[in-house]
Amino acid sequence: MTVWYVLLMVINPLFEELIVRSFFIEKIEALTNSSLVAIILSIILQLLPHIYQGFIALIYLGVMFTIFSLYYIRYRRIVPVILAHIFLILLR
């Protein structure tokens, strides 16, 4: 593993969670007044770039993104979600 690879494994989850989880959920909730709609749309948006990984990976990621979204909706804290995402990527 190179330094750039490790750096990308940390930066990507940071921006992915900040944009898709935090920003997107907040905006969709404000527009629809529905946490459920915000969660579903954020999960779909986050799964789209991962389609190439196959069906089994999408199921795993869908569960992971659902848990992250539910946590964020409940506690409105993005840092633990970012850290969990980084941790899960580093485990691969």
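**Exercise 1. How do the residues of the lining of the largest pocket divide into nonpolar, polar and charged?**

Keep in mind that you're working with a predicted model.

*Solution.* 
- Step 1: Start with the space itself. The largest pocket holds about 330 Å³.
- Step 2: Look at who sits around it. There are 18 lining residues, and those closest to the centre are Tyr5, Met9, Asn12, Ile89 and Arg92.
- Step 3: Sort the lining by class. You get 12 nonpolar, 4 polar and 2 charged residues.
- Step 4: Trace the lining back to helices. H1 (3-32), H3 (55-75) and H4 (79-91) each supply at least two residues, and H1 gives the most, with 6.

**Exercise 2. Find the largest cavity and say which elements give two or more residues to its lining.**

*Solution.* 
- Step 1: Count the cavities. The structure has 1 cavity of 30 Å³ or more.
- Step 2: Get its volume. The largest cavity comes to about 40 Å³.
- Step 3: List the lining: Tyr60, Leu61, Met64, His85, Leu88, Ile89 and Arg92.
- Step 4: H3 and H4 are the ones that give two or more residues.
- Step 5: Sort by class. The cavity lining has 5 nonpolar residues, 1 polar and 1 charged.

**Exercise 3. Describe helix H3: its span, its buried residues and what covers them.**

*Solution.* 
- Step 1: Check the span. H3 has 21 residues and runs 30 Å from first C-alpha to last, close to the 30 Å expected at 1.5 Å a residue.
- Step 2: Pick out the buried residues, meaning those under 20% relative accessible area. In H3 these are Leu61, Gly62, Met64, Phe65, Phe68, Ser69, Tyr72 and Ile73.
- Step 3: Ask what lies over them. The cover includes H1, H2 (35-47) and H4.
- Step 4: Look just past the end. Arg76 follows H3 and has a positive phi, near 55°.

Notes:
Residues are numbered from 1 along each chain as its sequence is written. This is a predicted model: local features need pLDDT of at least 70, side-chain atom pairs count only at pLDDT 80 or more; totals for chains, interfaces and linings use all residues. Side-chain values use heavy atoms; hydrogens and water are left out. On a 1 Å grid over the protein atoms alone, a cavity is a set of points where a 1.4 Å probe fits but cannot get out, and a pocket is an open set with protein on both sides within 12 Å along at least five of seven lines; lining residues have an atom within 4 Å of a point. Grid points are joined across faces, edges and corners, and a volume is the space filled by probe spheres set on the points. Helices (H or I, at least four residues) and strands (E, at least two) are DSSP runs, numbered from the N terminus. Ala, Val, Leu, Ile, Met, Phe, Trp, Tyr, Cys and Pro count as nonpolar, Asp, Glu, Lys and Arg as charged, and the others, Gly among them, as polar. The expected span of a helix is 1.5 Å times one less than its number of residues. Buried means under 20% relative accessible area, exposed over 50%, partly exposed in between (1.4 Å probe, protein chains only). Contact means heavy atoms within 4.5 Å.
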